[in-house]
Amino acid sequence: MKSVRLMAVHAHPDDESSKGAATTARYAADGHEVLIVTLTGGERGDILNPAMDRPGIKENIEQVRRDEMAAAAKALGVEQHWLGFVDSGLPEGDPLPPLPEGSFAAIPIEGPNRALVEVVRDFKPHVMITYDEHGGYPHPDHIRCHEVSMEAYEKAGDPEAYPGTGEPWTVSKIYYTHGFIRKRMQLFSDEFDNHGMDNPFKEWLARWDERRNIDDLMARVTTQVECGDYFGQRDDALRAHATQIDPNGVFFAVPLEWQRRLWPTEEFELAKTRVKTSIPETDLFAGIED
Ligand SMILES: [Zn+2]
């Protein structure tokens, strides 16, 4: 197959490295064009790595996160584009406080819609990746990421829509990325037990089961992309987001050999398609003609 274009739309810098990252690295390595679109600058992300909680970081967080993102894109071998909106932050408290004025999820959606349609018409992706209707994780920017991605999928090919943003381009398929698969966590948890090692998943799984049944997510998966050879690049990209990711955290607890043996894929749900394909799939580009 000749080069096909893949666009992954993400809310914050670091999301591209934790959701479907190895898949984007694989398609880039196979010679396809891969573009990450980052909707916000991640300005309100907390410093989650104790080693990075030091003077000079918080004061310069915008530039720090830009530098981290550039290093992550390099690790994955993909291109990246900022859409330039402001991180809404994750509201906490009861009742929830209002979203910060001017932030991505607080401004009228028309501006973000128009900005993403313009990028789609310029890059001309055959396939897009975004989050499901719950955002994959209940952050207002993630839910809005879903909304603007779906609008771009629907309208970028409509010559009447969004005049002044370039020639119409019809995207063939759009996927949701599904990272939190309970069965995968269970396999890793069992492997820790089998080795008689400290199991970082045990408590997590117990808490998870108390909250809601996430097993259902696997029932939504239509497409599993083999990408174990790219897990190393995924981890390098994650570590590049040094303020957001603790290198001693659970993300890196599972040896790559276990991951490649027990669960060498990433999971996606085909949300909409304009081409014929058959489910289950192993390739996001299935059904796309040369
Ligand atoms: Zn995010």
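The model is a predicted one: local features need pLDDT of at least 70 and side-chain atom pairs count only at pLDDT 80 or more, while totals for chains, interfaces and linings use all residues. Residues are numbered from 1 along each chain as its sequence is written.

To start with the annotated site, the unreviewed UniProt entry puts a "binding site" at His-12, Asp-15 and His-142. These three span 131 residues in sequence, yet no two of their C-alpha atoms are more than 9.6 Å apart, so they gather at one spot. UniProt positions follow the numbering used here, feature names are shortened, and annotations may be inferred rather than shown by experiment. His-12 sits in the loop between β1 (5–10) and α1 (15–18), and Asp-15 is in helix α1 itself. (Helices, H or I of at least four residues, and strands, E of at least two, are DSSP runs numbered from the N terminus.) His-12 is buried, with 26 other C-beta atoms within 10 Å, and Asp-15 is buried too, with 29. Here, buried means 20 or more other C-beta atoms within 10 Å of a residue's own, exposed means 12 or fewer, and partly exposed is in between, with C-beta atoms placed from the backbone. Leaving out residues up to four places away in sequence, His-12 touches Thr-38, Thr-40, Gly-42, Gly-45, Asp-87 and Asp-141; a contact is a pair of C-beta atoms, placed from the backbone, within 7 Å.

Helix α5 covers residues 140–155, and its 16 residues should span 22 Å at 1.5 Å a residue, which agrees with the 22 Å between its end C-alpha atoms.

On to the core. The largest nonpolar core has 55 residues, and Val-9 and Leu-76 have the most contacts inside it. Such a core is a set of buried Ala, Val, Leu, Ile, Met, Phe, Trp, Tyr and Cys residues joined through C-beta atoms within 7 Å. Beyond four places in sequence, the residues that Val-9 touches include Val-37, Leu-39, Leu-116 and Cys-145.

The chain is divided into domain 1 (5–179 + 217–273) and domain 2 (182–215), with bounds from an automatic or database domain assignment. Their centres, taken over C-alpha atoms, are 25 Å apart. Contact between them involves 8 residues of domain 1 and 8 residues of domain 2. On the domain 1 side, α8 (215–220) and α10 (256–262) each supply at least two residues.

Most residues other than glycine have a negative phi, and most peptide bonds are trans. Asp-94 and Pro-95 are joined by a cis peptide bond, omega about 0°, with Pro-95 in the loop between β3 (79–85) and α4. The bond from Ile-279 to Pro-280 is cis as well, with omega near 0°. Lys-124 is not a glycine but has a positive phi of about 60°; Lys-124 counts as partly exposed, with 15 C-beta neighbours inside 10 Å. Tyr-162 has a positive phi near 50°, and with 22 such neighbours inside 10 Å Tyr-162 counts as buried.

Methods:
Two residues are in contact if their C-beta atoms, placed from the backbone, lie within 7 Å. The expected span of a helix is 1.5 Å times one less than its number of residues.
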